[in-house]
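Dear colleague,

Please find below the structure that I promised to hand over. I would be grateful if you would read the notes after it with the coordinates open.

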Amino acid sequence: MPISKEKKKLQIEELEKKMKEQKVVLLFDFSKVKTEKMNLLRKKIKEVGGEIKVFKKTLAKIIFKKLGLSFDFDSFKGQLAFLFGFQDEVLPLKVFAQIEKEEENIKVVGGFLKTDFLSIERIKELENLPSKLEILGRLLFTLSWPILGLKRVLNGNLEKFVFVLSQIKVKKEQ
């Protein structure tokens with residue numbers, strides 16, 4: 001069923017907006033994926049600040065050309081979906097990788113980190129990286145560790161001093 005020119009224009013504007021706002025975009029073939037799996041994937045991606053949208057390849061070609069991005073849409077026969085990550089570069093890819101392991105019909109065809117093309121190998125590397133929150137948590141732990149160690153040392157000395165005083169008190173009472 002053909003789409004009217006107004007709807008095409010709105011879709012082009014939507015895709016252009018999303019491509020400019022994204023931190024990471026993943027293109028994948030979902031031709032043989034069951035609806036339940038696709039809905040589950042959409043839900044999980046939305047929970048981590050991402051979004052999955054389907055656009056016609058001809059409309060995507062127009063936007064990619066306008067934004068100066070190169071991608072060969074003609075080499076893919078199936079339906080392409082776009083996974084956009086707006087808050088974190090890695091977390092949507094990690095969630096996608098979990099679903100991809102369960103669903104063999106999902107095939108990654110490429111992606112972009114801002115405007116840099118990501119090969120399938122590079123996407124796999126990014127999926128294995130810790131998320132931004134995990135890295136910040138590790139950094140916070142690393143920065144707070146010396147302070148916590150100093151606190152334990154100082155508390156240890158005070159505890160020993162109080163113990164010695166309590167033993168002296170016990171000896172005097174005997």
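The notes below cover salt bridges, a helix pair, a surface patch and one backbone angle.

The model is predicted, so local features need pLDDT of at least 70 and side-chain atom pairs count only at pLDDT 80 or more, while totals for chains, interfaces and linings use all residues. Residues are numbered from 1 along each chain as its sequence is written, and side-chain values use heavy atoms, with hydrogens and water left out.

Salt bridges

A salt bridge here is a side-chain nitrogen of Lys or Arg within 4 Å of a carboxyl oxygen of Asp or Glu. The count by this rule is 11 salt bridges. One of them pairs Lys-53 with Glu-14, with 3.0 Å between the closest N and O atoms. This pair links distant parts of the chain, 39 residues apart: Lys-53 belongs to strand 2 (residues 50-54) and Glu-14 to helix 1 (residues 5-21). Helices (H or I, at least four residues) and strands (E, at least two) are DSSP runs, numbered from the N terminus. Lys-53 is partly exposed at 24% relative accessible area, and Glu-14 is partly exposed at 27%. For these classes, buried means under 20% relative accessible area, exposed over 50%, and partly exposed in between (1.4 Å probe, protein chains only).

Lys-37 and Glu-102 form another salt bridge, at 3.1 Å from N to O. Here too distant parts of the chain are linked, since Lys-37 is in helix 2 (residues 35-47) and Glu-102 in helix 4 (residues 91-102), 65 residues apart. Lys-37 is partly exposed at 24% relative accessibility, as is Glu-102 at 47%.

Glu-125 and Arg-122 also meet in a salt bridge, at 3.1 Å from N to O. Both lie in helix 5 (residues 120-128), 3 residues apart, about one turn of the helix. Glu-125 is partly exposed at 45%, and Arg-122 is partly exposed at 36%. Elsewhere, salt bridges that share partners join Glu-14, Lys-18, Glu-51 and Lys-53 into one network.

Helix 4 and helix 5

The axes of helix 4 and helix 5 come within 8 Å and cross at roughly 105°. Helix 4 is therefore roughly perpendicular to helix 5. Axes are lines fitted to C-alpha atoms, for helices over the stretch in contact, with angles from 0 to 180 degrees between N-to-C directions; under 35 degrees counts as roughly parallel, over 145 as roughly antiparallel, 65 to 115 as roughly perpendicular and the rest as oblique.

Glu-127, in helix 5, is buried at 8% relative accessibility. Apart from neighbours within four places in sequence, Glu-127 is in contact (heavy atoms within 4.5 Å) with Leu-93, Lys-94, Phe-96, Ala-97 and Glu-100. Glu-127 and Ala-97 lie 30 residues apart in sequence, with 6.7 Å from C-alpha to C-alpha.

Backbone angle

Lys-114 has a phi near 55°, a positive value in a residue other than glycine. Most residues other than glycine have a negative phi. Lys-114 sits in the loop between strand 4 (107-113) and strand 5 (116-118) and is partly exposed at 45% relative accessibility.

With kind regards
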